[in-house]
Amino acid sequence: MFEYFADLVVYQWLNLVPGEHFTDALYFFVYDVPKILVLLAVAIFIITIIRSYFPPEKTKKYLGQKRTFVGHILAALIGIMTPFCSCSAVPLFIGFIEAGVPLGVTFSFLISSPMVNEIALILLWGMFGWKVALIYMASGVTIAIVGGWIIGRLKLERWVEEYVFEIKMAEAVWTEPTFGARLVDARNFTFVLLKQITPYIVVAIAIGGIIHGYVPDNFIMAYAGKGNPFAVPLVVLIGVPLYNSASGMVPIVYALLDKGLPLGTALAFMMAVSAISFPEMIILRRVLKIQLIGVFAGILAVAIIFTGYLFNAIM
Amino acid sequence: MKIEVLGMGCCSCAKLYDAVQEVVTELGVRAEVIKVDDMKAVLQKGVMSTPAIVVDGVVKVAGRSPNKEEIKKYLR
């Protein structure tokens, strides 16, 4: 259906010749924009309904009661379903600690939430098939569990700002919505969110289209192909100062893979851009001392580089 | 009625405060609309993700910006 639409627009209406740089770039764009937006709308709607049953104010209570290792696993999985805007990172962190969730378990949540989210997963599934989506999810969750576990074992509570432990939260009074109300909420939210993220997705796909159309096929192979053993750490280093949501990264990764970047290197780039970012570190500085932020970023970088090598080796 | 709009200075929170005030005016309800932007105060309400709306002590929405139709429902 989307292919038919793109054929119609690019080759029939605009009468462009296949094989030229501009045509290829435009085709990529016209084919992917409607396809991704439709997938996104469906994904956001379904997940918003599921998510309405697991607000962080509730999940922190389960996590506070679980044994630590089970807690890491649950926190990483819940992180997939709970995106937070970066201005909520600090209150979420304090809320978890206040509810008695161990520091390491809280980090498992903080790592998995920006790195693995349902929107990115469904985009990966739509564009690369379920295997790549599953690999990305499994490795993201593993990094979150292991990374959080290491931070927990290091006992770094002394590098959390003292005031965090002094805050007391009240028990919120909630009204439990009916299923009908959840459906209506989800529909409204889908429209609001789509309106918000569409410009970013369109720009990301446009960048993907330009790479697809203009960057020569052997360019990436020459610099970051399997022959370059330093490609993985290199893309992670490039990814740290950059920030884009995991979802916004998918079209870019698509174009890079298309040009021959190995899968592990591409996934490492996507993880580094979405999970380690300067803006988030600056926000977290309000609750964490600089040493802990360093440990956090360091563990994440090492774990992501390892994952990149692993998938380059086995795929 | 006491309506508290919880947010910590992100732009969607400021917009939500304006939207709530507009809805209050439209519906003509007697309500006090308060902006809560101090993080500790937000946490003390038991809310961790903003923007959020609390009406007479009950959390109506947290972690996202509702549209005006939804806000109207919260005030009924």
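Before starting, I wrote down one cut-off: a residue counts as buried when its relative accessible area is under 20%. I also noted that this is a predicted model.

Entry one, the interface. I found 25 residues of chain A in contact with 21 residues of chain B. The area buried between the two chains is about 2,100 Å², with carbon and sulfur atoms giving 65% of that. I looked for salt bridges across this interface and the rule finds 0, while 3 residue pairs are in polar contact. On the side of chain A that touches chain B, α3, α5, β1 and α9 of chain A each give two or more residues. The largest share, 6 residues, comes from α5(A). That side divides into 16 nonpolar, 4 polar and 5 charged residues.

Entry two, strands. I saw β1(A) pair with β4(B) in the parallel sense, over 2 bridges. There, W174(A) has V59(B) as its bridge partner.

In chain A, R285(A) meets E161(A) at 2.9 Å, N to O, and the two are 124 residues apart.

E26(B) forms a salt bridge with K72(B) at 3.5 Å, N to O; E26(B) is in helix α1 and K72(B) in helix α3, 46 residues apart. Is K72(B) buried or exposed? Its relative accessibility is 16%, so K72(B) counts as buried. Salt bridges that share partners join E22(B), E26(B), K68(B), E69(B) and K72(B) into one network.

Key:
Residues numbered from 1 in each chain as written. Chains lettered and ligands numbered in written order. Predicted model: local features only at pLDDT ≥ 70, side-chain atom pairs only at ≥ 80, totals over all residues. Heavy atoms only, no water. Contact = heavy atoms within 4.5 Å. Buried area = accessible area lost by both parts, 1.4 Å probe. Salt bridge = Lys/Arg side-chain N within 4 Å of Asp/Glu carboxyl O. Polar contact = N/O pair within 3.5 Å; in protein donor to acceptor, adjacent residues only side chain to side chain. Helix = DSSP H or I, 4+ residues; strand = E, 2+ residues; numbered from the N terminus. Nonpolar A, V, L, I, M, F, W, Y, C, P; charged D, E, K, R; others polar. Pairing = 2+ DSSP bridges. Buried < 20%, exposed > 50% of the residue type's maximum accessible area, 1.4 Å probe, protein only.
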